[in-house]
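Me: I want to go through the helix packing and the ligand site. Take me from each label to the value behind it.

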Amino acid sequence: MTAPVPFFDRARGDLALQDELSAVFQSVLRSGHYILGPEVEAFESECAAYLGVRHAIGVSSGTDALLVALMALGVGAGDEVVCPAYTFFATAGAIHRSGATPVFADVLPGSLNIDPASTARALTERTRAILAVHLFGDCAPMDELLAIAGGRGLPVIEDAAQAFGAERGGRRAGALGLMGCFSFFPTKNLGGFGDGGLATTDDDKLAERVRTLRAQGARRKHHHTRIGGNFRLDALQAALLRRKLPRLGALLERRREHAARYAALLGGRDLPLTLPDAGAAGHTFNQYVIRLKDASLRDPLRSSLAEQGIGTEIYYPAPLHLQPCFAQLGPPEGSLPVAEAAARDTLALPIFPELTGDEVTRVAAAIASFFG
Ligand SMILES: *Cc1c(COP(=O)(O)O)cnc(C)c1O
């Protein structure tokens, strides 16, 4: 049997930087400064410059970036926030924790990003914001969403957790809406060494609010102007991420190469699959997610690949309106057909910068031979 192909392997990239990362740890250790401080400030300015925003604020996770963005906008009890039904749980979980109610919109069959028409139908008098997700590293249809929101004076928040470095119309994710939220969870495009996140905005007032909220609502020690939380970023995390940021362009390039190779090997041979649009401009391929035309073959394909040592994942096995904790919110099963179908027919293939071209070829060959 040939060597296994892992779904994801961070050690490959990290071990190559071992000496540099150890030196960063030594330097933070000598500084004795572990939370916020100069390393976090430097990382924030470097992120702001890279993303093309006035403010980038380091926070404790992507989930907390979403929560603190909603809190900064004053979203709370009695409000509704529209978000896609097909995304990672945290998108809707953060809306609920802010006190507001998530209202689920369906997604587009091609990109699986939030559907602007379904978003427009989900708006009510209570809608306070639209929370768009740049799913799998590809930007949501922001022009359409901004047009819908603009007509109503609503903010669009970007859940860009999977899309650090993604672009749309010459601007980067996080600079497209009123606020952007990023995650440095190890599997994301800019993967950290533990939990971490970032909130972005061009708005000075919102940035000041996020900075206050992330430190218990106090800009001055023991003087609490708001009720915030502990949403701070660690100095060690920021210092390590600073060493990866200059390499991000090359890492994203590798992701795009792998996506192009999958497309070349799996496309144009009549396999009963729908592939992601490899040509989508600015796509960063945080995930490479195929759809099976016959959903009943998804799990057998996954098992067959597993038997050959090939790792896959299902992102996501249930749409959020059917999760037990949200089921009472609705809408009922059958209402968001694209999200519901995607939960049954999607399969995420291995894609990470240090994957080799040979490994991509083996995954594609195993899929092709499954279909005979
Ligand atoms: C990863 C992710 C989050 C949460 O980020 P954490 O850093 O894990 O808290 C939120 N939204 C989406 C779409 C994600 O993929």
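Reply: Start with handedness: a crossing is left-handed if the near helix is turned anticlockwise from the far one by less than a right angle, and right-handed if clockwise. Helices are DSSP runs (H or I, at least four residues), numbered from the N terminus. This is a predicted model, where local features need pLDDT of at least 70, side-chain atom pairs count only at pLDDT 80 or more, and totals for chains, interfaces and linings use all residues. Residues are numbered from 1 along each chain as its sequence is written, and side-chain values use heavy atoms, with hydrogens and water left out.

Me: Which hand does the crossing of helix 3 and helix 9 have?

Reply: Helix 3 passes helix 9 in a left-handed crossing.

Me: Why are helix 3 and helix 9 called oblique?

Reply: Their axes cross at roughly 40° and come within 8 Å. Axes are lines fitted to C-alpha atoms, for helices over the stretch in contact, and angles run from 0 to 180 degrees between N-to-C directions. Under 35 degrees counts as roughly parallel, over 145 as roughly antiparallel, 65 to 115 as roughly perpendicular, and the rest as oblique. Helix 3 and helix 9 are therefore oblique.

Me: What makes the contact between helix 3 and helix 9?

Reply: Glu39, Val40, Ala42, Phe43 and Glu46 of helix 3 meet Ala235, Ala238, Ala239, Leu241, Arg242 and Arg243 of helix 9. Contact means heavy atoms within 4.5 Å. By class, the contact of helix 3 with helix 9 has seven nonpolar, no polar and four charged residues. Ala, Val, Leu, Ile, Met, Phe, Trp, Tyr, Cys and Pro count as nonpolar, Asp, Glu, Lys and Arg as charged, and the others, Gly among them, as polar.

Me: How do you know which residues are closest to the ligand?

Reply: A residue is near a molecule if one of its heavy atoms lies within 4 Å of it. The ligand is surrounded by 15 residues, the closest being Thr63, Asp159, Gln162, Ser183 and Lys188.

Me: What distance separates Asp159 from the ligand nitrogen?

Reply: A polar side-chain atom of Asp159 lies 2.7 Å from a nitrogen atom of the ligand. A polar contact is a pair of N or O atoms within 3.5 Å. An N or O atom in the side chain of Lys188 is 2.7 Å from an oxygen atom of the ligand.

Key
A polar contact is a pair of N or O atoms within 3.5 Å; within protein, one must be able to donate a hydrogen and the other to accept it, and residues adjacent in sequence count only if both atoms are side-chain atoms. Helices (H or I, at least four residues) and strands (E, at least two) are DSSP runs, numbered from the N terminus.
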